[in-house]
Amino acid sequence: MTSATATNQFPAPAIPEVAFLGRSNVGKSSVINSLLGTKIAKTSSTPGRTRSINFFEVRWPGRPQPEVVFSDLPGYGYARVPREIASQWSGFIEPYLKERRCLALCLALVDLNVPPQDSDKELLDFLNSIGRPFLMVGTKADKLSGNTLRKSIEAFTKDMPHLRIVPFSARTGLGRDELWQEIRQFIHNFSAHSPELAL
Ligand SMILES: Nc1nc2c(ncn2[C@@H]2O[C@H](COP(=O)(O)OP(=O)(O)OP(=O)(O)O)[C@@H](O)[C@H]2O)c(=O)[nH]1
Ligand SMILES: [Mg+2]
């Protein structure tokens, strides 16, 4: 749809939105591409590739109207990312998360191959503090197997026992159906409580 680096560039809120959040290089753009089955979001091995909020309209096959918007956000908390990116967070990302009224769900992505980072915890605390519903997605699960995968998930949930993580791999498609199901459920519930959105 569009690419925004300021609040006045956000598209008019019309349908439920799902935001993809997480540290730089965690795999946000790759999860979007995996869910949509197309390479529409630019990915890169260089952290900090996504610098604007990129909005994608999603249509179910055979239906003319878009039913959800995916927003791909710039990453945060990666040492090699220059300071000006950190300042974008306060400029348009924080206002987006706080004020966007069509934002139905935040997906907080964590890399299952990296131990929980302070910045992951800060994101969850921030989302909790502003009352945004979120779901955690554990990325790059293909690099782990069996026990190590289970242990990694435990490390992320041990301080927050009520938290659920959907393990995901953009490489193998693990978690794709489960995540779609969750997204649909959140959109459904959100729409039921937001009659002012034109659906
Ligand atoms: N093995 C594996 N690698 C992945 C997976 N998802 C992403 N990657 C790799 O991780 C790197 C970063 O992926 P991106 O999707 O660009 O990450 P991002 O979070 O959008 O990064 P920024 O836009 O820089 O914040 C790329 O080299 C991807 O190929 C996955 O499921 N498995
Ligand atoms: Mg990206």
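**Reading strands, salt bridges and a pocket**

Modeller: Let us begin with strand β6, in which 6 of the 6 residues are buried, so β6 is largely enclosed by the rest of the structure. Buried means under 20% relative accessible area, exposed means over 50%, and partly exposed lies in between, with a 1.4 Å probe and protein chains only. Strands (E, at least two residues) and helices (H or I, at least four) are DSSP runs, numbered from the N terminus. This is a predicted model, in which local features need pLDDT of at least 70 and side-chain atom pairs count only at pLDDT 80 or more, while totals for chains, interfaces and linings use all residues. Residues are numbered from 1 along each chain as its sequence is written, chains are lettered from A and ligands numbered from 1 in the order in which they are written, and side-chain values use heavy atoms, with hydrogens and water left out.

Colleague: Which residues point one way from β6, and which the other way?

Modeller: In a regular strand the side chains alternate between the two faces of the sheet. Here F134, M136 and G138 point one way from β6, whereas L135, V137 and T139 point the other way, and all are buried.

Colleague: In which sense do β5 and β6 pair, parallel or antiparallel?

Modeller: Two strands pair if DSSP finds at least two bridges between them. β5 and β6 pair in the parallel sense over 6 bridges, and L107 stands opposite L135 in β6. The chain crosses from β5 through α3 to β6 in a right-handed β-α-β crossover, where right-handed means that, with the strands pointing away from the viewer, the path from the first strand over the helix to the second runs clockwise. β6 is also joined by 3 bridges to strand β7 (residues 165-167), and these two run parallel, with V137 opposite V166 in β7. The chain crosses from β6 through α4 to β7, again in a right-handed β-α-β crossover.

Colleague: How many salt bridges does a search of the whole structure find?

Modeller: A salt bridge is a side-chain nitrogen of Lys or Arg within 4 Å of a carboxyl oxygen of Asp or Glu, and the search of the whole structure finds 9 of them. In one of these, the side chains of R100 and E17 meet at 2.9 Å, N to O. R100 lies in the loop between α2 (83-99) and β5 (103-111) and E17 in strand β2 (residues 17-22), so the pair ties together parts that are 83 residues apart in sequence. Both R100 and E17 are buried. Another salt bridge joins the side chains of D111 and K140 (3.9 Å, N to O), linking strand β5 with the loop between β6 (134-139) and α4 (146-157), 29 residues apart. D111 counts as buried at 10% relative accessibility, whereas K140, at 23%, counts as partly exposed.

Colleague: What volume does the largest pocket have, and which residues lie nearest its centre?

Modeller: Rolling a probe the size of a water molecule over the atoms shows where empty space is left. A pocket is an open set of points on a 1 Å grid over the protein atoms alone, where a 1.4 Å probe fits, with protein on both sides within 12 Å along at least five of seven lines; lining residues have an atom within 4 Å of a point. The largest pocket has a volume of about 640 Å³, and of its 32 lining residues G27, S30, T43, S44 and K140 lie nearest its centre. Helix α1 (residues 28-36) gives the most to this lining, with 6 residues.

Terms used:
Grid points are joined across faces, edges and corners, and a volume is the space filled by probe spheres set on the points.
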